[in-house]
Structure formats: C-alpha cells, structure tokens
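Take a moment with the sequence and the model.

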Amino acid sequence: MLTKTEKKFSVIFLIIVLAELIFANTNSLTMLHYFTKPAILIALIVFYLSQCQNLETKTKWLTFLALLFSLLGDILLMFDNKSENFFIGGLISFLTAHVMYILVFLKKKKPTKHTSVFVLLLLIYASIMFYFLKNGLGDLLIPVIVYMAVILSMILTAFLRKESVPKISYYLVFVGALFFVISDSILALNKFYKPLPFEGVSIMLTYALAQLFIVLGIKKQQP
C-alpha cells in the first residue's frame with residue numbers, strides 16, 4: 001500500500017500532469033506548457049531525493065541520473081519541431097535514462113522459468129513495431145533500433161526483479177516500465193508511421209505514470 005505521503009504526492013503530481021495536458025493542447029495557453037512539462041520531472045526529483053535517503057547509494061544515484069536525463073529529454077523534445085537535432089538529443093537523453101534504470105533493476109535481478117517466454121513476447125512485439133516503423137525511419141533507422149533494444153532491455157530487467165524485492169515494489173516498477181514502452185511506442189508510431197488521434201495526451205499521460213510508478217516502486221525496495 002502507498003503511504004499518506006506517497007498518496008499526497010501522487011495527487012499533486014497528477015495535478016501537474018493535468019495542467020500540462022491542458023496547457024499543451026490549448027493554443028491560448030501553450031506558453032505555460034514550457035513550465036508545466038519540466039515541472040513534472042522536477043517535482044518527481046524533489047520527492048525522490050526527499051524520500052529515498054535509505055536506498056543503497058548506487059541505486060539512489062543511478063535513479064537520480066535516470067530522472068535527470070529524463071528531464072533533459074523532456075526539455076529537448078519540446079523543441080523537436082524546430083530541428084531534428086532536438087529530437088536526436090531527446091532520444092539520446094532518454095536512452096541514457098533507460099540505461100540508468102537498467103543498471104538499477106539489474107542489482108535486483110533473479111531470472112525465473114518464465115524469463116524465456118517473456119523474452120519471446122518482447123521479440124514478437126519488437127518485430128511488429130519494426131514492421132510498422134521501418135519505412136519512415138530513414139537516417140534514424142539505426143538509432144531507433146538501438147533505442148528499441150534498450151527500452152525492451154529496461155522492461156526485461158524490471159521483470160527480472162520479481163522474486164528479489166517486495167511485491168508492491170516489483171509491480172509498481174514493472175507497470176511503470178510497461179507504461180514507458182507504451183508511451184515510446186505511441187510516440188514512435190505517431191512520428192514515423194502516421195499521426196495518431198490524441199497522441200499528445202496519451203504519450204504524456206503514459207510517460208508521467210511510468211516515471212511515477214518506477215520511482216514509487218524503487219522507493220518501496222528500501223529497508
């Protein structure tokens with residue numbers, strides 16, 4: 001179960017996310033989007049640093065770096081319509097964030113008999129995504145393939161925590177990783193396949209929930 005502090009923060013966090021969804025999708029309020037989007041990760045970083053003092057040192061700082069690179073990625077992607085370089089910079093930032101999360105999750109890995117089945121499901125999913133994206137990738141073919149491999153490795157390492165952390169920690173992190181994959185998949189399909197309805201709302205909502213759940217899950221593995 002979540003503590004009172006975690007519940008209160010979750011409400012505040014979701015209010016910030018709601019504000020971002022409104023401002024980013026209302027022409028007369030678009031300028032406020034440049035404040036509310038980074039505010040999502042800034043709020044999460046402040047909460048994380050204030051609540052996770054008892055985490056093992058390496059885990060604590062790797063998670064902090066994951067959040068910091070995510071914040072940088074958020075900022076860069078706000079300007080991706082001005083230059084492809086901003087998109088590439090955002091891609092690299094989030095790739096780095098995923099690597100940080102992978103390193104965090106690997107510290108608690110414990111392969112199970114279901115691991116091979118899960119890997120097979122990930123490969124099927126990756127093949128389906130590549131089928132839809134391949135014709136629109138152009139020069140970004142290799143970077144996007146690398147990114148796909150990294151984010152799928154991230155959810156795999158989240159899956160491998162199952163029997164080495166408290167159940168609530170495992171499920172929060174795994175669901176968070178799943179939301180991350182969903183968010184990035186919607187973004188990729190929207191950018192490289194075809195425009196999707198309500199893509200801005202669905203990408204941001206799943207992304208914000210991903211970060212919140214992962215942080216809460218990592219917090220729950222504290223002694």
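The expected span of a helix is 1.5 Å times one less than its number of residues. Keep in mind that this is a predicted model. Now try the rule on helix 6, residues 141-159. Its 19 residues should span 27 Å. The end C-alpha atoms are 27 Å apart, which agrees.

Which residues of helix 6 are buried? They are Val144, Tyr147, Met148, Val150, Ile151, Leu152, Met154, Ile155, Thr157, Ala158 and Phe159. What covers them includes helix 4 (84-106), helix 5 (115-137) and helix 7 (167-192).

Next, take helices in pairs. Two packed helices are described by the angle between their axes and the distance between the axes. For helix 6 and helix 7, the axes come within 8 Å and cross at roughly 160°. Angles over 145 degrees count as roughly antiparallel. Helix 6 and helix 7 are therefore roughly antiparallel to each other. The crossing is left-handed. On the helix 6 side, the contact is made by Val144, Tyr147, Ile151, Met154, Ile155, Ala158 and Phe159. Look at the spacing of such a list along a helix. An α-helix has 3.6 residues a turn, so residues three or four places apart point the same way. Helix 7 contributes Tyr170, Val173, Phe174, Ala177, Leu178, Phe180, Val181, Asp184 and Phe192. By class, this contact of helix 6 with helix 7 has 15 nonpolar residues, no polar ones and 1 charged.

Helix 7 also meets helix 5. Here the axes come within 9 Å and cross at roughly 20°. That makes helix 5 roughly parallel to helix 7. Helix 5 passes helix 7 in a left-handed crossing. From helix 5 come Phe118, Tyr125, Met129, Phe132, Leu133, Gly136 and Leu137. They meet Phe174, Val181, Ser185, Ala188, Leu189 and Phe192 in helix 7. The classes in this contact are 11 nonpolar, 2 polar and no charged residues.

Stay on helix 7 and find serine 183. Is serine 183 buried or exposed? Serine 183 is buried, because its relative accessible area is 2%, and buried means under 20%. Leaving aside neighbours within four places in sequence, serine 183 is in contact with Ile203, Thr206 and Tyr207. Threonine 206 is 23 residues away along the chain, yet its C-alpha atom is separated from that of serine 183 by 5.3 Å.

Finish in the loop between helix 7 and helix 8 (199-219), where phenylalanine 198 sits. Phenylalanine 198 is exposed, with a relative accessible area of 71%. Its phi is positive, about 55°, although it is not a glycine.

Technical notes
Residues numbered from 1 in each chain as written. Predicted model: local features only at pLDDT ≥ 70, side-chain atom pairs only at ≥ 80, totals over all residues. Heavy atoms only, no water. Helix = DSSP H or I, 4+ residues; strand = E, 2+ residues; numbered from the N terminus. Buried < 20%, exposed > 50% of the residue type's maximum accessible area, 1.4 Å probe, protein only. Contact = heavy atoms within 4.5 Å. Axes fitted to C-alpha atoms, helices over the stretch in contact; angles between N-to-C directions. Parallel < 35°, antiparallel > 145°, perpendicular 65-115°, else oblique. Left-handed = near helix turned anticlockwise from the far one by under 90°. Nonpolar A, V, L, I, M, F, W, Y, C, P; charged D, E, K, R; others polar.
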